[in-house]
Amino acid sequence: MSETVKPPVLQRIDHRTATAVRVIGVVAAIFAFGFLGTRMLDFLRDDDANRLLVVLSAILLGVVGVFVVFWAMDQVVDWLPKKIREGARPYVFVGPAIVILSVFLIYPVINTMLISLRDANGQDFVGADNYRFVFTNHSMLRALRNTAGWVIIVPLIAVSVGLGFATLADRLRRGEAVAKSLIFLPMAISFVGAAVTFRLIYSYRPSGFGTNIGLLNGIWQGLGNEPVAWLSQQPWNNLFLMVIMVWMQTGFAMVVLSSAIKAIPTEIIEAARIDGASEWRIFRYVTVPSILPTIVVVTTYMVINAMKVFDIVFVMGNAETNGTEVVAERMIRWYFISNHDGRAAAIAVVLFLAVIPVMVWNVRKFRQQEAMR
Amino acid sequence: MMKRRILVSIASLALLAAACGSDEKEGAGTTPATAAPTTAAPQSTTAETTAPETSPPATSGGGENTGKVVLLSAGEPEETDAYQKIFDELINAKTDYNIEVVSAGDFEQQFQIQAEGGTLDVAAVPQPGAIPALAEKGQIVSLETMGFNIDDLNALLGESFVALGEYNGQHYGLPTNINLKSMVWYPKTAFDAAGYKVPTTWDELIALSDQIVADGSTPWCVGFESGGATGWPATDWMEDIMLRTAGASVYDQWVKHEIPFNDPAVKKAGEVFGQIMFTDGYVLGGAENTPDIAFGDAPGPMFENPPKCWLHRQASFINSFFPETAKAGVDYDWFPLPPIDQEGTLYAGELSVVGTNGNRPEVIDFLKRFIAQDVQCAMGGVQASSRISPNVEVGESCYANEILAKASGILTDALKTGTGRFDASDLMPAEVGSGSFWTEMVNYVKNGPDYLDTALKNIEDSWPTS
């Protein structure tokens, strides 16, 4: 209202001072923030700093900081001229995420691709040599073969066994929670912990080196056989390693699928029963189609996990002599032990490219399901 | 127009602020490294060499005295705790800085990360093969830059050992630990009771092995399993034999790849190794099973009654894997692996390497104190330790453990006379020394004598071309 009273000149001055105040405020805020970030938090870098204090400041900075940043940006947007205000707001809100994503994801990906074209020290350009190595070296070829095995076998077994358990547990009158907890339990163990446990299960001592303490050799000898060095039986030792991941992941598949099964409306199942469908037909034509989106998500998760498997293989002995190499294990090996940055980066890129189709398939499948609803 | 200008100015200010911020950070982080002028550092350190016992200058030299030096070690925590105590008593109590020994289970990774990130003070590196790459990238600091006199170090620590850290005429590694590899352990009481004699030649060693087989027992206990590093004990065998069949100069050529890996000289060593591994009844459990026997479990059967095996070739640290009740000199003892065509002593050890963050007066002072006779001698006094000093001034009397005293005598001789050689696999490029050499030796013992040519050719093919 007041704008109509004021003469145009005054109006312009008003506008200008307001703008100046805003600019100064923003600049001050940016400098204050920069100062805070570089100076006041220096004590966090001190190794002897109080742990609790460090943790508290991290939480405070993380939670409150994010809130403050978004609030401040919202304010800044409010100062913008009306015409572009609402147009700019979404970009301002997405901005920090894009910046963080670029710094921590997009930049490393591009840099890895560049390094993969360079030599062991990441200095001289060598063209496609590192990729040639990935697809010709006999140990790398074994790694690619083994990883393909992991990607197919582990999700297949873990998801089908998990689905079976989930379906059967759903029928239990009593003890469903206990049964499910027992199967879910291995999920709480780290990969390395599980691998160490299974090392003991597969343990082997040749004659002269004392009794065999491994569970598997105990059973095997109980059946009247000679003890076997399980972990060096190529190519079966790969399966022995996959068992560990299946053991750990089945519980996860079961829990997720079980909750999906419980979400199926009972009317549908009852209707099927009344129509005289057998339990198998209900499972095949009602249960599975209803929970298909969940199965897809769980399977993708497992596929990606199997693609990235590293800890289990690394703990279970020298992968190269046992023929149990996998892609991620080769990457770590070439980077940290053989110190060849170029080859390690090339392996990383191959792994990265291999994950993309799985993600695309996952998203597509999910969209189809959404569209059907 | 105006609005856009405001937006642009805000954006550019934000960028500017961000740039300033990061500049400040980087500046703070790299000051000690970049402000380490090659002219200032030697001055301060020569001052120190003239008066090494006085407390070091706190502010001069290539950076500030931060009061703390972190030594990254590949040793087990029990071991590093013992050294921490010695450092506390002999260094920390006298100086205005503190040494902190950090034991890293994943040493190779940690060392690499810290060196590349510029946060490394000092690391005791067991694999000198890693040095050239880091030196080329400028991620470690040479001893010359820090004002050390290489001639003095050669005289004190053995020229062949100091030379392992050399790259482009500069030296990057200070030997701070050594251990003897050419040791054959035996169960002394039972050995003497059976009337066996310690062999002094290779033929006597083979004769003894045959005698043990004839007596209905098994001479050798061998185990190569070591997790991701499975195969390294087999490479030690090869190196020990290579040094004795081909001699030190051919050994050096082999390490530097001046002769191919499938050279007849290497094949000869492989055949002698095969003689031990593949002769019927020589190896407990059979050669093909040795890659599945943990190297630490391997000597176990030697301590049964009667012993299930009588000989075990392994480095000086292995007695920490012996039964706790076994007494050195009574239940077990050792003899040097006998010469074949010539004498030789195989050893391994650590070279202390200084990262870009470590070019500071207190780090230099620490290294000088670390290799000095008193600290090195005190380290020998730790009962649990298998640490032997590369300092030739450290006498046998320093060692609490009789086994180590004897080993140190042999090593000191080898360092003085130059007949000792460092573990070849730790000097070769990592692709070979921590890769194909391990793998192919395992394949060799698994597949038998006929595989030797394939094994050596595969290793030769894996040698990096650049």
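## Exercises with solutions

**Exercise 1.** What percentage of the 373 residues of chain A count as buried?

*Solution.* Start with the term: a residue is buried if 20 or more other C-beta atoms, placed from the backbone, lie within 10 Å of its own, exposed if 12 or fewer do, and partly exposed in between. By this rule, 26% of the 373 residues of chain A are buried. This is a predicted model, in which local features need pLDDT of at least 70 and side-chain atom pairs count only at pLDDT 80 or more, while totals for chains, interfaces and linings use all residues. Residues are numbered from 1 along each chain as its sequence is written, and chains are lettered from A and ligands numbered from 1 in the order in which they are written.

**Exercise 2.** Into which domains is chain A divided, and how far apart do their C-alpha centres lie?

*Solution.* Domain 1 covers 2-115 and domain 2 covers 129-372, with bounds from an automatic or database domain assignment. Their C-alpha centres are 44 Å apart. Four residues from domain 1 and six from domain 2 take part in the contact, where two residues touch if their C-beta atoms, placed from the backbone, lie within 7 Å.
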